[in-house]
Amino acid sequence: FPYLDKGDYALKIRAISPRGKIWETKTIPIEIIPMFWQRWWVRILIVLILISLIAFPLIYRYRQKKQARELKLAYEKEIEDLKRKALKAQVNPHFLFNSLNSIRLLVLKGNTEKASEGISTFSRLVRKILNHSERDYISLKEEIEYAQEYIRLEQMRFKVPFDFEVIIEDGIEIESINIPPLLIQPFLENSIWHGLRYKKDGKGTLNITIYKNTENLEYIIKICDNGIGREAAAKLSSSTKKSFGIKISSERLKNFNRSTVDHIQIQDIKDENQKSKGTLVVIRVLNSKA
């Protein structure tokens, strides 16, 4: 009975002899066992599997989107926190106060031309600080312009004169290179006030060199001074804490480069007698077009 549906049946058989004798009807119970896929628990299992196959990708995508949103919010929170700390760290209130005080002294001495130049430089610098603080990144050209304004003010109020120079490798378009705003100022400040400030032999120099590392597709910014070096400066300074501005710059560059590796190295420059000749800061920025 190949076409009977699953269930219980009664097969009735009655025999008749050639002489016409009829025997009693015999009833044989028959149970048609369902095929494997016809059993109720299998059907429920199949339904559950189908629901899982449909629901699992949806749940997975939902969780992925939720995790991505959480990571994005955490990243944005960290960026905002770094921005707040960066603005606080980069604009040293003592620098602003001392700059204004230096301009005031020039006015009192009757050097109005120099004082006027200082006021113009100071106003341009503050304007750049306010404009740059609202942006996630600026061009390296804008950063260099800010650095030049900053150095002019420092040279104006610095008791020991020093020369400043920016060297850019041929073929590099600094207006197309992006970096976090006000990134290099803490290193310039350290070079001036912890290196060049205590220099006694010869005139101080502070250089920024920019070139491209074609092998790693990154730009290198080198800040070099011929001051007394970090080891000697640490002995003269009452504070042994690492510069807060440098720490923030390092964290901001990690976020900008999307990397956990520190892309800022600082080292003392020494001669053959291991005497310090200054400090070198190397900043590596991943290739980024505006």
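Is His-263 buried or exposed? His-263 is buried, with a relative accessible area of 7%. That value comes from a predicted model. The protein chain holds seven helices and nine strands. Of its 290 residues, 32% are buried. Take contacts between residues at least 6 apart in sequence: 65% of them join residues at least 24 apart.

- His-263 sits in the loop between helix 7 and strand 8.
- The cut-off for buried is under 20% relative accessible area. His-263, at 7%, is therefore buried.
- Leaving out residues up to four places away in sequence, His-263 touches Leu-253, Asn-257, Val-282, Ile-283, Arg-284 and Leu-286.

**Helix 3**

- Helix 3 covers residues 112-132.
- Helix 3 has 21 residues, so at 1.5 Å a residue it should span 30 Å. Its end C-alpha atoms are 30 Å apart, which agrees.
- The buried residues of helix 3 are Ala-115, Gly-118, Thr-121, Phe-122, Leu-125, Ile-129 and His-132.
- Seen down the axis of helix 3, these buried residues fall within an arc of 125 degrees, so they line one face of the helix.
- The face turned away from that buried side carries the exposed residues Thr-112, Glu-113 and Leu-130.

**Helix 3 against helix 4**

- The axes of helix 3 and helix 4 come within 9 Å. They cross at roughly 145 degrees.
- This crossing is left-handed.
- On the helix 3 side, the contact is made by Lys-114, Gly-118, Thr-121, Phe-122, Arg-124, Leu-125, Lys-128, Ile-129 and His-132.
- On the helix 4 side, the contact is made by Glu-142, Glu-145, Tyr-146, Glu-149, Tyr-150, Arg-152, Leu-153 and Met-156.
- The residues of this contact divide into seven nonpolar, three polar and seven charged.

- Helix 4 covers residues 140-157.
- Helix 4 has 18 residues, so at 1.5 Å a residue it should span 26 Å. The distance between its end C-alpha atoms is 26 Å, which agrees.
- Buried residues of helix 4 include Leu-140, Ile-144, Tyr-146, Tyr-150 and Leu-153.
- Ala-147 belongs to helix 4. At 1% relative accessibility, Ala-147 counts as buried.
- Leaving aside neighbours within four places in sequence, Ala-147 is in contact with Ile-184, Leu-188 and Ile-208.
- Ala-147 and Leu-183 are 36 residues apart along the chain. Their C-alpha atoms are separated by 9.7 Å.

- Helix 5 covers residues 185-195. Eight of its eleven residues are buried, so helix 5 is largely enclosed by the rest of the structure.
- Those buried residues are Gln-185, Pro-186, Phe-187, Leu-188, Glu-189, Ser-191, Ile-192 and Gly-195.
- Leu-182 lies in the loop between strand 5 (178-179) and helix 5. Leu-182 is buried, with a relative accessible area of 2%.
- Phi of Leu-182 is near 55 degrees. That is a positive value in a residue other than glycine.

**Arg-252 in helix 7**

- Arg-252 is placed in helix 7 (residues 244-256).
- The relative accessible area of Arg-252 is 11%, and Arg-252 is buried.
- Arg-252 and Leu-183 are 69 residues apart along the chain. Their C-alpha atoms are separated by 8.2 Å.

**Two further loop residues**

- Gln-274 is found in the loop between strand 8 (264-270) and strand 9 (276-286). Phi of Gln-274 is near 65 degrees, a positive value in a residue other than glycine.
- Gln-274 counts as exposed, at 56% relative accessibility.
- Arg-39 lies in the loop between strand 2 (26-32) and helix 1 (40-90). Arg-39 is partly exposed, with a relative accessible area of 33%.
- Not counting residues up to four places away in sequence, Arg-39 touches Ile-33 and Pro-34.
- Arg-39 and Lys-6 are 33 residues apart along the chain, and their C-alpha atoms are separated by 9.9 Å.

Methods. Residues numbered from 1 in each chain as written. Predicted model: local features only at pLDDT ≥ 70, side-chain atom pairs only at ≥ 80, totals over all residues. Heavy atoms only, no water. Axes fitted to C-alpha atoms, helices over the stretch in contact; angles between N-to-C directions. Helix = DSSP H or I, 4+ residues; strand = E, 2+ residues; numbered from the N terminus. Left-handed = near helix turned anticlockwise from the far one by under 90°. Contact = heavy atoms within 4.5 Å. Nonpolar A, V, L, I, M, F, W, Y, C, P; charged D, E, K, R; others polar. Expected span 1.5 Å × (residues − 1). Buried < 20%, exposed > 50% of the residue type's maximum accessible area, 1.4 Å probe, protein only. Arc of directions from axis to C-beta.
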